[in-house]
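Please consult the sequence and the structure alongside the text.

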Amino acid sequence: MSHLIKSEQDEHLKFLVSQPDEVLIEFCKLAIDYITNGINEKKCTIAAKKLNSTQESISSVLQALVCLLIDCTVVQITEEDFQTLNALGFNESQINILWQFVSSKRQNVENILQNSNSNMQRFRDLEWRLEARIASRSLQSQATPIIKMKIHLDTEIVNEHKDTLTHNEDANRTDDDKLPKTKKEILLQTDPTNLSHMIQVLEQALLDSKTHRIRNIVKSFQKK
């Protein structure tokens, strides 16, 4: 169970350890409302005042609860494994409340995940070019080059051969032509410094994808 909880999530969940059962139940109700309707800032503000905390802290605790619910649903965690939450400081009564929260909403979360996964945009292709102004009447110093990119996304799962067959078709499409409903294009530009930061974030994401936690999540999706 411990490998499912990130350090930041762990920190936010520990806020609930010192709270009475009644408060924990209310947080579970707020988390369920969060999943259905999104964050309710008014309720978070009211809870923050009652608990002598901040709205941002309450929102973070709710997000940690939602992440706990999703992770436990994805890996189909058992009640026995869930009991290891006591390592975070939760007592038996609190663990039983959280388990009721997780088990009662499991089917609902599975439906949400399946629907969101079927509509998920997937990376297809990337086009880019480097632009730099080498001379200007108003700018005598060297200008910062700009990298422009076009990211191609698609909700349809396609193989490499189909990608090749449709590449020419996409290339010949004019700006006035509409994209197929499954496809989406994102245009963006950045400077070398931000691009370097983006690369670092993506490389870290690739490293995270190899962790035991992420592999368990991916396997659970592949079984569906």
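Predicted model: local features only at pLDDT ≥ 70, side-chain atom pairs only at ≥ 80, totals over all residues.

Leu 98 is buried, its relative accessible area being 1%.

*Helix H6*

- Leu 98 counts as buried because its relative accessible area of 1% falls under the 20% cut-off.
- Beyond residues up to four places away in sequence, Leu 98 touches Leu 24, Cys 28, Leu 65, Phe 82, Leu 85 and Phe 90.
- One of these contacts, Cys 28, is 70 residues from Leu 98 in sequence, yet the two C-alpha atoms are 7.6 Å apart in space.
- Helix H6 contains 13 residues and spans 18 Å from its first C-alpha to its last, close to the 18 Å expected at 1.5 Å a residue.
- Besides Leu 98, the buried residues of H6 are Gln 94, Ile 95, Ile 97, Trp 99, Phe 101 and Val 102.
- The N-terminal end of H6 is capped by Asn 91, with a side-chain oxygen 3.1 Å from the backbone nitrogen of Ser 93.

- Leu 130 is located in strand E1, residues 122-131.
- With a relative accessibility of 54%, Leu 130 is exposed.

*Salt bridges*

- Lys 29 and Glu 26 form a salt bridge in which the closest N and O atoms are 3.7 Å apart.
- Lys 29 and Glu 26 are separated by about one helical turn because they stand three residues apart in helix H2, residues 21-37.
- Glu 26 is partly exposed, at a relative accessible area of 44%.
- A salt bridge also joins the side chains of Lys 148 and Glu 131, at 3.4 Å from N to O.
- This pair links distant parts of the chain, with Lys 148 in strand E2 (residues 146-154) and Glu 131 in strand E1, 17 residues apart.
- Lys 148 is partly exposed at 29%, and Glu 131 is partly exposed at 28%.
- Arg 129 joins Glu 131 and Lys 148 in a network of salt bridges.
- Glu 185 forms a salt bridge with Lys 150, and their closest N and O atoms are 3.9 Å apart.
- The pair connects distant parts of the chain: Glu 185 lies in strand E3 (residues 183-190) and Lys 150 in strand E2, 35 residues apart.
- Glu 185 is partly exposed, with a relative accessible area of 25%.

Terms used:
Residues numbered from 1 in each chain as written. Heavy atoms only, no water. Buried < 20%, exposed > 50% of the residue type's maximum accessible area, 1.4 Å probe, protein only. Contact = heavy atoms within 4.5 Å. Helix = DSSP H or I, 4+ residues; strand = E, 2+ residues; numbered from the N terminus. Expected span 1.5 Å × (residues − 1). Polar contact = N/O pair within 3.5 Å; in protein donor to acceptor, adjacent residues only side chain to side chain. Salt bridge = Lys/Arg side-chain N within 4 Å of Asp/Glu carboxyl O.
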